[in-house]
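Let's take a walk through this protein together. Please have the viewer open and follow along as we go.

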Amino acid sequence: RAVAHLRIMRTYALRLVPGDDLKRALLDFCATRELPNAFIITAVGSLRAAKLRLANHTSLLSGSTNAVLDLPNQRFEICSLVGTISRNGEGCHVHASLADARGDVVGGHALDGCVVFTTCEIVLGCAEDVTFTRELDPRTGFDELVVGERASDDEGEEPRLSGKKARRLRQMLAVDEERERRAVAGEPIYDAPRGILGFFANLVAPPPTPKKSTKPVKEADEDEDA
């Protein structure tokens, strides 16, 4: 059993075009970007052929055609698509629910041979803290998910922020630097309200600026013994 706390997530959006193999395109996308893991957040589209492994399939029945539903030259709407993808697209575990022309739904483990008809729009998530790999589980006879920590060469890296969080961090660092500069220079420190309230507060009542002294600087007395 593997459990991990996912703290930082990136998202990717892609569209598969007519003729793309659904599973192969997902693996290629993750391999090209060297993603440490991926999971399907949402997906919608259609297929012109489907190939699914059914629930009664076991490793001992891998050669049985009864365990695999092969549906070429048919039209399907993708009702759901869920699953996980291993590091660098080395493997995946993806399930699909498909509705045919009459609305009848079939579902199972997606195999090579699920071919896009008009489009397939997919949003993927990637957790930067962990990796997904797969190892043979003798209890099932299949390569099953293994959740691990990121490689040691990534442990020293600071989490990468973007958007509002990164901008907010830069603003806070700039404020701290200004406070430190004023403290060293002996200038008054003005803590303005932050955010949108701080913006309007500065318009109505700008922060005070230190006034330069107009008094002449007294020259040091000459040495009486000079």
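Let's begin with a pair of charged side chains: Arg102 and Asp104 form a salt bridge, and their closest N and O atoms are 2.9 Å apart. Keep in mind that this is a predicted model. Arg102 counts as exposed because its relative accessibility is 72%, while Asp104, with a relative accessible area of 38%, is partly exposed.

S5 and strand S6 (residues 105-110) run antiparallel and are joined by five bridges. As one landmark, Ala99 stands opposite Val105 in S6. On to the pairing of S5 with S4: these strands also run antiparallel, with eight bridges joining them. Here you can find Ser80 opposite Ser97 in S5. The hairpin of S4 and S5 has six residues between the strands, and Asn88 takes a positive phi near 55° there.

Stay in that loop for a moment. Ser86 sits between strand S4 (76-85) and strand S5 (92-99). Is Ser86 buried or exposed? Its relative accessibility is 2%, so Ser86 counts as buried. Leaving aside neighbours within four places in sequence, the contacts of Ser86 are Leu35, Pro36, Gly91, Cys92, Phe132, Thr133 and Arg134. For a contrast, turn to another loop, the one between strand S2 (38-53) and strand S3 (68-71), where Ala55 is found. Ala55 counts as exposed because its relative accessibility is 81%. In sequence, Ala55 and His109 are 54 residues apart, yet their C-alpha atoms are 8.1 Å apart in space.

Now let's go inside. The largest nonpolar core has 32 residues, and Leu81, Ile122 and Leu124 touch the most other members. Strand S1 (9-16), helix H1 (22-32), S2, S4, S5 and strand S7 (115-127) each contribute at least two residues to this core.

The structure holds one aromatic pair. Tyr12 and Phe29 form this pair with an edge-to-face arrangement, at 6.0 Å centre to centre and 80° between the planes. The pair links distant parts of the chain, with Tyr12 in strand S1 and Phe29 in helix H1, 17 residues apart. Both partners count as buried: Tyr12 has a relative accessible area of 18%, and for Phe29 the value is 11%.

Arg53 lies over the face of Phe142, 4.7 Å from the ring centre. In a second case, Arg75 lies over the face of Phe117, at 4.4 Å from the ring centre.

That brings us back to charged pairs. Side chains of opposite charge can pair when their charged atoms come close. How many salt bridges does a search of the whole structure find? The search finds four, one of which opened our tour. Another joins Glu128 to Arg10, with the closest N and O atoms 2.6 Å apart. Glu128 lies in the loop between S7 and strand S8 (130-137) and Arg10 in strand S1, so this pair ties together parts that are 118 residues apart in sequence. Glu128 counts as buried because its relative accessibility is 12%, whereas Arg10 is partly exposed, with a relative accessible area of 25%.

A further salt bridge brings together the side chains of Asp112 and Arg24, at 3.7 Å from N to O. Because Asp112 lies in the loop between S6 and S7 and Arg24 in helix H1, the pair ties together parts that are 88 residues apart in sequence. Asp112 counts as partly exposed at 37% relative accessibility, and Arg24 is partly exposed too, with a relative accessible area of 38%.

Notes: Residues numbered from 1 in each chain as written. Predicted model: local features only at pLDDT ≥ 70, side-chain atom pairs only at ≥ 80, totals over all residues. Heavy atoms only, no water. Helix = DSSP H or I, 4+ residues; strand = E, 2+ residues; numbered from the N terminus. Buried < 20%, exposed > 50% of the residue type's maximum accessible area, 1.4 Å probe, protein only. Contact = heavy atoms within 4.5 Å. Core = buried A, V, L, I, M, F, W, Y, C linked by side-chain atoms within 4.5 Å. Pairing = 2+ DSSP bridges. Phe/Tyr/Trp six-rings, centres within 6.5 Å; stacked < 30°, edge-to-face > 60°. Lys NZ or Arg CZ within 6 Å of the ring centre and 35° of its normal.
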